Amino acid sequence: MNYYEENSKLMKAIADPNRLKILDILSCGEQCACDILKLFDFSQPTLSHHMKYLIDCGLVVGQKNGTWMRYRLNLERANQMMYFLMGIITPKEECICKKCNTTNCNCGNKEEVLDENNI
């Protein structure tokens with residue numbers, strides 16, 4: 001899996017508002033599934049479905065505790081996600097956009113400089 005495919009899986013996982021809320025809940029520390037479930041209006045199988053997404057992309061770690069699961073954030077993976085997002089919105093020397101030489105571009109945009117009138 002390449003860099004963009006791996007991170008798109010992560011983006012899909014956090015694209016759901018329920019999963020974002022779960023991440024917010026876990027930001028306070030490890031939680032039992034039963035406690036997370038109390039904060040939602042859906043069933044335990046639905047919670048398991050959301051947790052599977054978050055675990056598969058590496059943002060959450062689950063550990064069985066009796067009949068319930070306990071979940072916590074994987075802060076290392078969360079930090080990797082933040083670096084990825086910063087990396088794709090920040091110009092850098094090795095940026096993919098450097099592969100498009102606008103002075104030799106056939107699209108007609110020859111190093112156009114935007115000012116406040118063309119924004």
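How much accessible surface does the protein chain have, and what percentage of it belongs to carbon and sulfur atoms? I looked this up at the outset: the accessible surface comes to about 8600 Å², and 55% of it belongs to carbon and sulfur atoms. I note that the model is predicted.

**Entry: overall layout**

I read off the secondary structure next. The protein chain contains five helices and three strands. Along the sequence, these elements follow the pattern α-α-β-α-α-β-β-α. I then recorded burial: 28% of the 119 residues count as buried. For contacts between residues at least 6 apart in sequence, I noted that 51% join residues at least 24 apart.

Which residues does I22 contact, leaving aside its neighbours within four places in sequence? I found I36, F40, L47, H50, M51 and L54.

**Entry: nonpolar surface patch**

Y3, Y4, M86, I88, I89 and I96 make a nonpolar surface patch of about 660 Å². Helices α1 and α5 each supply at least two residues of this patch, and α5 gives the most, with three residues. I looked up I88 individually: I88 is found in helix α5. I88 has a relative accessible area of 46%, so I recorded I88 as partly exposed.

**Entry: cysteines and Q44**

How many disulfides does the structure hold? I counted zero disulfides. C32 is buried, with a relative accessible area of 9%, whereas C34 is partly exposed, with a relative accessible area of 23%.

From C34 I moved to Q44. The two residues are ten apart in sequence, and their C-alpha atoms are 8.3 Å apart in space. Q44 has its place in helix α4. I noted Q44 as partly exposed because its relative accessibility is 38%. Not counting residues up to four places away in sequence, Q44 touches L37 and W68.

**Entry: salt bridges**

I found four salt bridges in the structure, and I noted three pairs in detail, given below.

In the pair of R77 and E6, the closest N and O atoms are 3.7 Å apart. Because R77 lies in helix α5 and E6 in helix α1, this pair ties together parts that are 71 residues apart in sequence. Is R77 buried or exposed? R77 is buried, because its relative accessible area of 9% falls under the 20% cut-off. E6 counts as partly exposed, at 37% relative accessibility.

The side chains of D35 and K38 also meet in a salt bridge, at 3.4 Å from N to O. D35 counts as partly exposed at 31% relative accessibility. K38 is exposed, with a relative accessible area of 65%.

In a further salt bridge, the side chains of K52 and D56 meet at 2.8 Å, N to O. What separates K52 and D56 along helix α4? The two are four residues apart in helix α4, so about one helical turn separates them.

Conventions. Residues are numbered from 1 along each chain as its sequence is written. This is a predicted model: local features need pLDDT of at least 70, side-chain atom pairs count only at pLDDT 80 or more; totals for chains, interfaces and linings use all residues. Side-chain values use heavy atoms; hydrogens and water are left out. Contact means heavy atoms within 4.5 Å. Buried means under 20% relative accessible area, exposed over 50%, partly exposed in between (1.4 Å probe, protein chains only). Accessible areas come from the Shrake-Rupley method with a 1.4 Å probe; for residues, only the protein chains shown count as cover. Patches are made of residues with over 30% relative accessible area and no salt bridge: like charges are joined within 9 Å, nonpolar side chains (Val, Leu, Ile, Met, Phe, Trp, Tyr) within 5 Å. A disulfide is a pair of cysteine sulfur atoms within 2.5 Å.
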